[in-house]
Amino acid sequence: MNINNYFRLVIPGYSRNESFARAAAAAFAAQLDPTVEEINDIKAAVSEAVTNCIVHAYPDKIGDIEMVARILDGDIFYIRIKDKGCGIADIKQAMTPLFSTCEEGERAGLGFAVMGSFMDALRVTSRLGKGTSVIMTKRVKSKNE
């Protein structure tokens, strides 16, 4: 699939940067002329992915979060959120709704479920001690469809 446009952004994992990452992804996706619902879906998924990096990847420090977005043929919005944090021991378990590595009551454990519900595809890869990569895609439908 051809890449028609792209950007790469690296931000430190401060919670205040989550809204910036969400806004940057939405502004970039806007070139596809998405509906308000599609933009909100993208913003929610990016917010969850970046928040996961902030909360889980770097529990004891501030680390970098890399975001790469692409516009692909067929009006496909692609985004990868990547960290170099602690990694995920069991991806299948981590993607189970209500599972969280945080102390009970701190987090709902719905991040991956939310990401998957708002995007067409979600792929998570991780290596312990090396980090995690979340790749999501969404086809932005023509307003005439």
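**Hairpin, helix packing and aromatic contacts**

In the hairpin of E4 and E5, glycine 129 takes a positive phi near 75 degrees. Three residues lie between the two strands of this hairpin. The model described here is predicted. Strand E4 covers residues 121-127 and strand E5 covers residues 131-139. The two pair in the antiparallel sense, over seven bridges. Threonine 125 has serine 133, in E5, as its bridge partner.

Helix H1 packs on helix H2 (residues 36-57) at an angle of about 145 degrees. Their axes are 9 Å apart. The crossing of H1 past H2 is right-handed. On the H1 side, the contact is made by Glu18, Ala21, Arg22, Ala25, Ala26 and Ala29. H2 contributes Ile39, Ile42, Lys43, Val46, Ser47, Val50, Thr51 and Ile54.

The structure holds one aromatic pair. The ring centres of phenylalanine 7 and phenylalanine 28 are 4.9 Å apart, and the planes stand at 70 degrees. The pair is therefore edge-to-face, because planes over 60 degrees apart count as such. It links distant parts of the chain. Phenylalanine 7 belongs to strand E1 (residues 3-12), whereas phenylalanine 28 belongs to helix H1 (residues 18-29). The two are 21 residues apart. Phenylalanine 7 has 17% relative accessibility and so counts as buried. Phenylalanine 28, at 10%, also counts as buried; the cut-off is under 20%.

A further ring contact involves a charge. The charged end of arginine 16 sits over the ring of tyrosine 14. Its distance from the ring centre is 4.3 Å.

Conventions
Residues are numbered from 1 along each chain as its sequence is written. This is a predicted model: local features need pLDDT of at least 70, side-chain atom pairs count only at pLDDT 80 or more; totals for chains, interfaces and linings use all residues. Side-chain values use heavy atoms; hydrogens and water are left out. Two strands pair if DSSP finds at least two bridges between them. Helices (H or I, at least four residues) and strands (E, at least two) are DSSP runs, numbered from the N terminus. Rings of Phe, Tyr and Trp (its six-membered ring) pair if their centres lie within 6.5 Å; planes under 30 degrees apart count as stacked, over 60 as edge-to-face and the rest as tilted. Buried means under 20% relative accessible area, exposed over 50%, partly exposed in between (1.4 Å probe, protein chains only). A charge sits over a ring if NZ of Lys or CZ of Arg is within 6 Å of the ring centre and within 35 degrees of the ring normal. Axes are lines fitted to C-alpha atoms, for helices over the stretch in contact, and angles run from 0 to 180 degrees between N-to-C directions. A crossing is left-handed if the near helix is turned anticlockwise from the far one by less than a right angle, and right-handed if clockwise. Contact means heavy atoms within 4.5 Å.
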